[in-house]
Amino acid sequence: MHTDTEPIISVRNLTQRYGKGRVIYSDLSFDVPKGRILGLLGKNGTGKTTTINILMGYLRPQSGECRIFGEPITEMQPATRARIALLIEGHVQYSFMTISQIEKFYSAFYPKWNRDAYYGLMEKMHVSPGQKISTMSCGQRSQVALGLILAQNADLLVLDDFSLGLDPGYRRLFVEYMRDYVKAEGKTVFMTSHIIQDLERLIDDCIILDYGRILTQQPVAELMKGYPQGTTLEDVFIELTGKY
Amino acid sequence: MIKAIINKEWYKTRLAFFVTLAVSLLFSAYAALRINRLIALKGVDHLWLIVLLKDNTFADMIQMLPLLTGLVLGVAQMAPEMSHKRLKLTMHLPVPQTKLLMLMLAVGVAEALVVFAGQAAVIGIYDLTVMPAPMVASIMLTTLPWFVAGFAAYLFACAICLEASWRRRVGLGLLAAAMLAMFYSQPALEAYNSFLPILLIATASLAILSAGSMIRFKEGLSE
């Protein structure tokens with residue numbers, strides 16, 4: 001039974017390789033306590049999506065243990081999955097559905113579903129309920145995915161590279177909406193991104209990955225203490241990982 | 001929840017469903033028209049003789065239609081799940097995953113059943129107007145393996161689409177070709193009667209293949 005003091009996500013000694021080849025990381029351990037926002041940062045190909053896949057049970061790790069709400073991820077029960085909102089890389093959704101069909105579909109699965117949160121966001125986009133998601137732009141699709149996450153009203157949000165394919169305007173909109181929501185509702189977030197500038201005002205803790213190793217793992221405020229005033233998280237990231 | 005899943009599957013497959021239904025009905029009607037033409041030219045006695053002596057069901061032109069219907073429905077239903085690995089969304093739904101998959105397959109099987117029933121109804125009802133009931137029953141029993149092949153084709157198509165490893169996809173494709181060929185190897189009237197229960201059990205068990213593909217996807221063997 002998971003208690004309030006226990007971390008929402010607990011990862012111990014996680015080691016993963018690409019097939020039998022390159023080590024993605026070894027002995028990765030971290031906790032995400034309740035109400036915290038952890039950002040897993042790294043360049044493309046450093047294992048961010050792999051970590052999400054492991055946490056969501058789509059990939060068996062080579063070694064290590066992951067628990068979410070105290071439950072081993074390999075044995076995650078449907079009731080536990082209902083407490084997790086998942087954003088897949090590229091804001092993938094059921095694009096063959098319309099705005100209203102997808103809302104109706106998901107509402108059947110989640111007891112705390114907040115219809116108004118979803119339609120509130122859709123109204124801002126000036127899209128009609130009958131519009132098919134496949135006919136929308138990447139930015140609009142990201143808002144649909146965001147609206148569904150907000151409506152699900154989950155305890156844990158897992159967001160895989162939300163910035164992928166979005167222009168700066170939509171990225172900013174996404175971050176602002178997400179920040180207000182998670183802080184107001186006390187949600188726990190585990191997110192990945194390769195665009196650091198968006199995350200500076202959003203995340204509490206960060207893990208910066210490089211190819212085959214973990215560069216740093218600490219609260220953002222603590223990390224920034226070691227740098228002169230005016231330094232951004234992006235500057236720190238570039239210094240740690242080297243230029244692109 | 002069940003209604004939501006049925007709706008989701010319907011949104012994906014409704015176009016394929018209506019197209020396969022329309023094509024099946026049109027071809028079945030054309031098969032009936034051929035019989036009608038033969039009767040007009042040579043009389044109904046001649047038709048009965050051909051059916052009895054030459055094992056001709058006059059439905060041969062539609063024998064591959066159920067198989068194609070199964071393939072089209074399976075691809076229409078499962079290809080969107082694999083596109084952009086959308087299956088992750090489906091597997092994240094708070095429903096036991098085996099139940100979820102079986103529900104998805106049940107929707108496809110139900111749609112195929114409607115298409116096949118429509119096709120069989122056109123043939124059966126027309127044949128009853130020109131042939132005695134035992135002869136029609138014999139024709140329907142002869143066509144039954146083709147419909148079972150349609151269900152098998154559907155289940156194979158689902159398993160192949162859900163399978164992320166290309167090597168396994170080829171293996172499943174070869175297995176499908178070998179098994180589906182069995183449904184078309186005996187042209188005689190009612191040749192499959194004694195073998196049909198075994199074919200039905202074998203076809204039903206093909207649902208396990210999709211479950212296997214889904215488990216491998218979940219364990220990251222597709223990554």
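**View 1. Surroundings of A:I68 in the predicted model.** A:I68 touches A:I8, A:I9, A:L55, A:I73, A:M76, A:T80, A:I84 and A:L156, leaving aside residues up to four places away in sequence. Contact here requires C-beta atoms, placed from the backbone, within 7 Å. This is a predicted model: local features need pLDDT of at least 70, side-chain atom pairs count only at pLDDT 80 or more, and totals for chains, interfaces and linings use all residues. Residues are numbered from 1 along each chain as its sequence is written, while chains are lettered from A and ligands numbered from 1 in the order in which they are written.

**View 2. The largest nonpolar core.** This core holds 70 residues. A:L55, A:I68, A:L157 and A:V158 have the most contacts inside it. Helix α5 (residues 138–152) of chain A gives the most to this core, seven residues. A second, separate core has 54 residues, including B:V115, B:A153, B:Y154 and B:L162. A nonpolar core is a set of buried Ala, Val, Leu, Ile, Met, Phe, Trp, Tyr and Cys residues joined through C-beta atoms within 7 Å. Buried means 20 or more other C-beta atoms within 10 Å of the residue's own; exposed means 12 or fewer; partly exposed lies in between, with C-beta atoms placed from the backbone. Helices (H or I, at least four residues) and strands (E, at least two) are DSSP runs, numbered from the N terminus.

**View 3. Open sheet of chain A.** Four strands run in the order β2-β1-β4-β5, with antiparallel pairing. Pairing takes at least two DSSP bridges between two strands. The edge strands, β2 (23–32) and β5 (71–72) of chain A, each pair on one side only. Six bridges join β1 (residues 9–17) of chain A to the antiparallel β2(A). A:R17 stands opposite A:V23 in β2(A). Helix α1 (residues 48–55) of chain A lies across β1, β2 and β4 (63–68) of chain A, at about 120° to β1(A). Axes are lines fitted to C-alpha atoms, for helices over the stretch in contact; angles run from 0 to 180 degrees between N-to-C directions.

**View 4. Strand β9 of chain A and its partners.** Five of the six residues of β9(A) (205–210) are buried. β9(A) pairs in the parallel sense with β3 (residues 37–42) of chain A over five bridges. A:G42 has A:L209 as its bridge partner in β9(A). With β10 (residues 213–219) of chain A, β9(A) pairs in the antiparallel sense over six bridges. A:I207 stands opposite A:Q217 in β10(A). β9(A) and β10(A) form a hairpin with two residues between them. A:G212 in the turn has a positive phi of about 85°.

**View 5. Loop residue A:Q62.** A:Q62 sits in the loop between α1 and β4 of chain A. A:Q62 counts as partly exposed because 14 other C-beta atoms lie within 10 Å. A:Q62 touches A:T15, A:Q16 and A:R17, not counting residues up to four places away in sequence. A:D27 is 35 residues from A:Q62 along the chain, and their C-alpha atoms are separated by 11 Å.

**View 6. Contacts between chains A and B.** 22 residues of chain A are in contact with 21 residues of chain B. On the side of chain A that touches chain B, α2(A) gives the most, with three residues.

Technical notes
Contact = placed C-beta atoms within 7 Å.
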